[in-house]
Amino acid sequence: MADTTSRTSRQLRETLPEWAGFATAVQARRPDAGTWCEGWTVRDVLIHNTGNAEEFARVLGAHLDGHPVVTRGFEERELPYRALPDAELWSAFVTRCEQLVEVSAAATRELPPRTAITWTGRQVTPGFFAEHMREEMVLHRWDITGDDATAVHSLTEPWMTEHSVRDVGTPLLARGSTGLDLGPTGRIAGRLRAPGTDDVLVTATGAGNTIELVPREGEATIESDPATRALLLWGRRPADPSRWHSQAGPEALRRLRTLLSGY
């Protein structure tokens with residue numbers, strides 16, 4: 001893949017500060033190299049984030065133009081990029097990120113910050129799109145590099161956990177809850193704790209799921225450093241399992257880990 005990281009715009013780097021780290025990680029490895037994302041190579045990760053950048057810009061731009069569009073699924077948005085040679089895929093990734101940054105800047109100028117925009121069936125605000133692209137880059141960079149210093153630093157940032165809980169919480173639990181036999185009255189709850197922050201409380205019932213930041217109270221199901229907790233929310237695990245601790249017992253841990261399967 002050609003090295004174009006030095007030729008990207010300053011606006012891109014300011015709006016998506018994690019872009020350079022993600023790009024460097026991608027370019028440092030062969031496209032067919034494996035990753036921590038189950039079943040995905042580095043090329044698959046790049047395809048995914050190229051499709052993400054395009055869809056974020058498409059949905060936000062359509063709202064700006066007054067003609068909202070329905071969010072496309074992963075398969076539809078990623079399919080065209082799977083046919084591209086590696087060099088063209090990389091160029092497409094850079095272009096789509098630049099377009100997202102341009103649309104995000106226009107949305108900041110033209111829309112009130114709390115404007116409701118439909119994304120995958122739920123309501124988000126204009127700032128969601130660039131921030132979620134940042135989260136995708138942090139998470140999928142970790143999929144490529146594992147627990148290096150840059151990954152741990154980025155995952156530790158409070159906004160990562162806050163965005164995961166407040167802006168992605170509902171779909172984040174959807175896949176995992178289908179693997180739990182809760183019945184009409186069943187319920188499981190898990191409390192994830194990291195030093196110096198509120199707990200993350202996840203709950204699944206037959207009627208639906210919730211995830212929220214709540215004050216520290218009682219016993220935690222899992223205690224860990226903040227970076228590990230962010231990984232756990234997305235169905236990932238740090239290379240060093242001693243970074244998390246629990247006295248909840250195997251069954252409670254199994255059910256919580258099933259709920260937190262990611263998507």
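At what angle do the axes of helix H6 and H8 cross, and within what distance do they come? Hold that question for a moment. One point comes before it: this is a predicted model.

Now the answer. The axes of helix H6, residues 127-145, and helix H8, residues 158-166, come within 11 Å. They cross at roughly 115°. Angles of 65 to 115 degrees count as roughly perpendicular, and that makes H6 roughly perpendicular to H8. The crossing of H6 and H8 is left-handed.

Who meets whom here? H6 brings Phe128, Glu131, His132, Arg134, Glu135 and Val138. H8 brings Trp159, Met160, His163 and Ser164. By class, this contact of H6 with H8 has four nonpolar, three polar and three charged residues.

H6 has another partner, helix H2, residues 19-27. H2 and H6 pack at an angle of about 25°, and their axes are 9 Å apart. Angles under 35 degrees count as roughly parallel, so H2 is roughly parallel to H6. H2 passes H6 in a left-handed crossing. From H2, the contact takes Trp19, Gly21, Phe22, Ala25 and Val26. From H6, it takes Met137, His140, Arg141, Ile144 and Thr145. The residues of this contact of H2 with H6 divide into six nonpolar, three polar and one charged.

Next, the sheet. Strands of a sheet pair through backbone hydrogen bonds, either parallel or antiparallel. Here, five strands form an open sheet, and the pairing is mixed. The order is S5-S4-S3-S6-S7. Which are the edge strands? They are S5, at 208-214, and S7, at 244-245, and each pairs on one side only.

Two bridges join S7 to strand S6, residues 222-224. S6 and S7 run antiparallel. Ser224 stands opposite Trp244 in S7.

Helices lie across this sheet.

Last stop: H11. Which residues of H11 are buried? They are Leu253, Leu256, Arg257, Thr258 and Leu259. What do they pack against? In the sheet, their partners are S3, S4, S6 and S7. Among helices, they pack against H9, at 169-177, and H10, at 226-233.

Definitions and conventions. Residues numbered from 1 in each chain as written. Predicted model: local features only at pLDDT ≥ 70, side-chain atom pairs only at ≥ 80, totals over all residues. Heavy atoms only, no water. Pairing = 2+ DSSP bridges. Helix = DSSP H or I, 4+ residues; strand = E, 2+ residues; numbered from the N terminus. Axes fitted to C-alpha atoms, helices over the stretch in contact; angles between N-to-C directions. Parallel < 35°, antiparallel > 145°, perpendicular 65-115°, else oblique. Left-handed = near helix turned anticlockwise from the far one by under 90°. Contact = heavy atoms within 4.5 Å. Nonpolar A, V, L, I, M, F, W, Y, C, P; charged D, E, K, R; others polar. Buried < 20%, exposed > 50% of the residue type's maximum accessible area, 1.4 Å probe, protein only.
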